[in-house]
Amino acid sequence: MEQITGGKKYIYLLKGLNKEILGLPLGFVLFMIKQMSFEKFSLHNNKVFINTIYTPFPSTSYRTALKCFGKLSKGIMSPFSVYLSVTDRCHLDCWHCSNATDEAANDLTYEDLSRIIGELQDSGVSCIGFTGGEPALRKDLEDMIGSIDNRSFSILFTTGHTIDEARAKRLKESGLTAIVVSLDSHIKEEHNEKRNSETAFGDAISAIKNSLQAGIYTAISTVITKDMLYSDKIYEFVRYVAGLGAHEIRILEPKPCGKLLNGNFENFTEEDRKQIRHVQYTVNKDKALPKIMALAHINSADNYGCNAGRTHIYINARGDVFPCDFSPLSFGNLLDESFSKVYQRMNSYFPKPSNGCIISSISKYFKEAGIDKFPIRDKEKIEYLLSRLDKRPIPKLFSKLGFKEG
């Protein structure tokens, strides 16, 4: 694995030059080039990977992504990424699970999933992520991944369960672009405690090693705690991941959803997110360490913001369409309607890009609205909750595409 830092990154950006780039607003292109100062590149399978949020290039899916931004520059909202839950089933009981609902576990059929994937690609989606539950519990997972053509790239989000050497090889052969393995600590006992399992740590480490050996771009996802953030634990963790050889660490904060909706969890302030960004910027200057992609950075008002319901969408294992996997607001079901129809409906509630986490803003109104069952499908209750959203500014990335306040 070759990690690229410093001025050398800008040489590799030349690989991304094409006619779609030249058609975008100059201010946007210059802004994106400036944003690369916070990132670290990886060369993998003859492609440049910035991180698992960006589309690897050069590739057909990269051109799909640029076409999405081309539409946005004309004021046309377009979906960039969709995360698709293929099962509610899971062998673990994680402390922070966002998929915990009041409904019984469910799996969409392969036929329905294949149709949905086709609709997503026809809608111009550049990134399709497979999540759950534990998606690896589906024996037809490789077939689903294989049904994606090169207009989109694919990501698998997993605990590492069942990802042995043979399955990692099958996933690679099916066309999987990247795998993201959950790992909350480099200390075995701590990770196992968070996942309520004595085998979770071993599964995760084995999956990371097997995925790397199979030639899959391999990232790690961790839900950070303040204890980890404000101690040397975070850097111990990064160095441990470097020893494994993984390409990337995704840092997430706990959100008031799923199992944490009515429970006790640490509320991260803007000062805490500033510290997370400091960790990313520090680590991403060191080519000996894996890159960090922190949502505290990508979702900030100075960058991409939170565009759940606009350029990012989540579909659960029943076919319901949500702004993201943290926001349990259903705008329709893909077993009843097409993706384009549900997406247009959702856009009427989210007409412009904005900053600020939806679930963090509306969860405090659930009790007031008489909501105690999830997900929420009642139109009036959804409208009530969204009416409580504070005014949220247009993120800088989208202002460079021409979106204006007001």
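Predicted model: local features only at pLDDT ≥ 70, side-chain atom pairs only at ≥ 80, totals over all residues.
1. The peptide bond running from Phe57 to Pro58 is cis, and its omega is near -5°. Pro58 sits in the loop between S3 and helix H4 (60-73).

2. Backbone, Gly132 to Gly133. Here too the peptide bond is cis, with omega about 25°. Gly133 belongs to the loop that lies between strand S5 (127-131) and helix H6 (141-146). As background, most peptide bonds are trans.

3. Backbone, Thr162. This residue has a phi near 70°, which is a positive value in a residue other than glycine. Its place is the loop between strand S6 (153-158) and helix H7 (165-174). For context, most residues other than glycine have a negative phi.

4. Helix contact, geometry. How do the axes of helix H8 and helix H9 cross? Helix H8 covers residues 188-195 and helix H9 covers residues 200-214; their axes come within 8 Å and the crossing angle is roughly 110°. Angles of 65 to 115 degrees count as roughly perpendicular, and H8 and H9 are therefore roughly perpendicular to each other.

5. Helix contact, residues. On the H8 side the contact involves Lys188, His191, Asn192 and Arg195, which meet Ala200, Phe201 and Ala204 of H9. By class, the residues of this contact between H8 and H9 are three nonpolar, two polar and two charged.

6. Aromatic pairs. The count of aromatic pairs comes to 14. Two values describe such a pair: the distance of the centres and the angle of the planes. For Phe49 and Tyr217, the ring centres are 4.3 Å apart and the planes stand at 10°, so this pair is stacked; the cut-off for stacking is planes under 30 degrees apart.

7. Second largest pocket. How much space lies in the second largest pocket? The value is about 430 Å³. The pocket is lined by 30 residues, and those closest to its centre are Ala100, Thr101, Gly258, Pro328 and Phe374. Sorted by class, the lining consists of 14 nonpolar, eight polar and eight charged residues.

Note on methods: Residues numbered from 1 in each chain as written. Heavy atoms only, no water. Axes fitted to C-alpha atoms, helices over the stretch in contact; angles between N-to-C directions. Helix = DSSP H or I, 4+ residues; strand = E, 2+ residues; numbered from the N terminus. Parallel < 35°, antiparallel > 145°, perpendicular 65-115°, else oblique. Contact = heavy atoms within 4.5 Å. Nonpolar A, V, L, I, M, F, W, Y, C, P; charged D, E, K, R; others polar. 1 Å grid on protein atoms, 1.4 Å probe; cavity = no way out; pocket = protein on both sides within 12 Å on 5 of 7 lines; lining within 4 Å. Points joined across faces, edges and corners; volume = space filled by probe spheres on them. Phe/Tyr/Trp six-rings, centres within 6.5 Å; stacked < 30°, edge-to-face > 60°.
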